[in-house]
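Trainee: I have the sequence and the coordinates open, and I would like to walk through them with you. Could we take it question by question?

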Amino acid sequence: MTTITTSTRRRFLACVAAGAIGLYAAGAAAAAVSPLDLVGPVSQYKIFVIKNVQKLVTGTRAFTDAVKAGDIGKAKSLFGPTRMNYERIEPVAELFSDLDAAIDSRADDHEKREADPGFIGFHRIEYGLWSKNSTQGLAPVADKLMADVLELQKRLANLTFPPDKVVGGAAALMEEVAATKISGEEDRYSHTDLWDFQANFEGSYKIVQLLHPLIVKQDKAFAKKTDANFKVVFDTLAKYKTADGRFEDYSKLTDSDRRLLAGRVHVLAEDLSKLRGMMGLN
């Protein structure tokens with residue numbers, strides 16, 4: 001007959017109280033991730049975000065200067081690369097809904113669409129540059145965009161990053177690409193969508209990289225599968241790079257190309273949707 005010690009009984013009762021009988025019975029299950037385990041990865045992610053927002057400030061200043069100078073060619077060439085610095089950090093940038101609406105809103109968000117005075121930010125300038133081939137009237141929009149990006153930098157520096165938003169952000173970026181961005185609706189005037197996708201994938205991958213030691217402890221097979229799926233997505237996107245390191249015009253991709261990309265991103269999004277639970281954040 002097996003003797004149940006007092007310490008064993010206490011551990012069992014603690015598991016019952018926590019609703020974790022299954023873990024207790026399993027015995028070999030991985031130890032749960034604690035909030036303290038996430039402090040390091042989240043702190044490192046903040047450093048990543050701060051570096052990208054600094055690049056965003058620098059890039060936006062060059063972009064808006066070109067717009068105000070009437071240099072259409074230079075402004076067009078800077079649009080995609082500059083936006084990448086925003087797209088990489090979307091999970092936390094979107095925490096400030098007022099700034100996100102000002103920096104990254106689309107015509108669909110406004111009653112009068114492109115003619116609406118509330119339509120500002122990157123996409124309003126994009127509309128002027130590509131649809132109108134003009135910078136006329138864009139100087140105030142450029143100044144507002146620059147001011148909003150500087151305000152975003154200030155707020156992010158003072159923000160305590162919520163672990164659930166950071167961890168959940170890896171899946172959120174992939175889900176948004178697969179569900180809506182793949183249609184080409186975001187950069188509809190410039191067709192620079194592939195720049196955005198690359199940045200979204202990089203931002204998501206950074207989160208997974210920082211969590212990798214914790215993920216491996218929980219599920220080595222999951223870690224290996226996720227790494228492999230990221231490689232597939234990056235390799236797929238790399239096919240659309242041009243000789244000068246830029247990306248093809250997204251409108252040149254066929255429906256088959258888009259379905260293939262969407263399918264691969266969707267698989268990755270499904271995997272990453274498990275991260276919050278794996279990190280004890282559900």
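Trainee: Let's begin with helix α8: how many residues does it have, and what is its reach from first C-alpha to last?

Mentor: Happy to start there, and please keep in mind that the model is predicted. Helix α8 runs over residues 139-157, which makes 19 residues. At 1.5 Å a residue one expects 27 Å, and the reach of α8 is close to that, at 27 Å.

Trainee: Which arc around the axis do the buried residues of α8 cover?

Mentor: The buried residues of α8 are Val141, Ala142, Leu145, Met146, Asp148, Val149, Leu152 and Leu156. In an α-helix, residues three or four places apart point the same way, because there are 3.6 residues a turn.

Trainee: Now the rings: what kind of pair do Tyr205 and Phe234 make?

Mentor: The structure has 13 aromatic pairs by the rule used here. For Tyr205 and Phe234, the ring centres are 5.8 Å apart. Tyr205 belongs to helix α10 and Phe234 to helix α11, so the pair ties together parts 29 residues apart in sequence. Planes over 60 degrees apart count as edge-to-face, and the planes of Tyr205 and Phe234 are at 75°, so the pair is edge-to-face.

Trainee: What kind of pair do Phe230 and Phe234 make?

Mentor: Phe230 and Phe234 are both in helix α11, four residues apart, which is about one turn of the helix. Their ring centres lie 6.2 Å apart. Planes under 30 degrees apart count as stacked, and the planes of Phe230 and Phe234 are at 25°, so this pair is stacked.

Trainee: Is His123 buried or exposed?

Mentor: His123 is in helix α7. Beyond its neighbours within four places in sequence, His123 has contacts that include Phe79, Arg106, Glu186 and Tyr189. The cut-off for buried is under 20% relative accessible area, and His123 has 1%, so the word for His123 is buried.

Trainee: On to the charges: how many residues apart are Asp143 and Lys68?

Mentor: Side chains of opposite charge can pair when their charged atoms come close. Asp143 and Lys68 form a salt bridge, 2.8 Å from N to O, and the structure holds 24 salt bridges. Asp143 is partly exposed at 40% relative accessible area, and Lys68 is partly exposed at 43%. With Asp143 in helix α8 and Lys68 in helix α3, the pair links parts of the chain that are 75 residues apart.

Trainee: Which residue forms a salt bridge with Glu87?

Mentor: Glu87 is in helix α4, and its partner is in the loop between α9 and α10, so the pair ties together parts 94 residues apart in sequence. Both residues of the pair are buried. The closest N and O atoms are 2.6 Å apart, and the partner of Glu87 is Lys181.

Trainee: What is the relative accessible area of Glu186, which forms a salt bridge with Arg106?

Mentor: In this salt bridge the closest N and O atoms are 3.1 Å apart. Arg106 is in the loop between α6 and α7 and Glu186 in the loop between α9 and α10, 80 residues apart. Arg106 counts as buried at 14% relative accessibility. Glu186 is buried too, and its relative accessible area is 2%.

Trainee: Which residues have the most contacts inside the largest nonpolar core?

Mentor: That core has 76 residues. Outside its sequence neighbours up to four places away, Leu275 touches Val167, Ala170, Val208, Leu211, Ile215 and Phe222. The residues with the most contacts inside the core are Leu152, Leu156 and Leu275.

Trainee: Last one: what is the phi of His191?

Mentor: Asn133, in the loop between α7 and α8, has a positive phi near 50° without being a glycine. His191 is in the loop between α9 and α10. His191 is not a glycine either, and its phi is positive, at about 60°.

Notes. Residues numbered from 1 in each chain as written. Predicted model: local features only at pLDDT ≥ 70, side-chain atom pairs only at ≥ 80, totals over all residues. Heavy atoms only, no water. Helix = DSSP H or I, 4+ residues; strand = E, 2+ residues; numbered from the N terminus. Expected span 1.5 Å × (residues − 1). Buried < 20%, exposed > 50% of the residue type's maximum accessible area, 1.4 Å probe, protein only. Phe/Tyr/Trp six-rings, centres within 6.5 Å; stacked < 30°, edge-to-face > 60°. Contact = heavy atoms within 4.5 Å. Salt bridge = Lys/Arg side-chain N within 4 Å of Asp/Glu carboxyl O. Core = buried A, V, L, I, M, F, W, Y, C linked by side-chain atoms within 4.5 Å.
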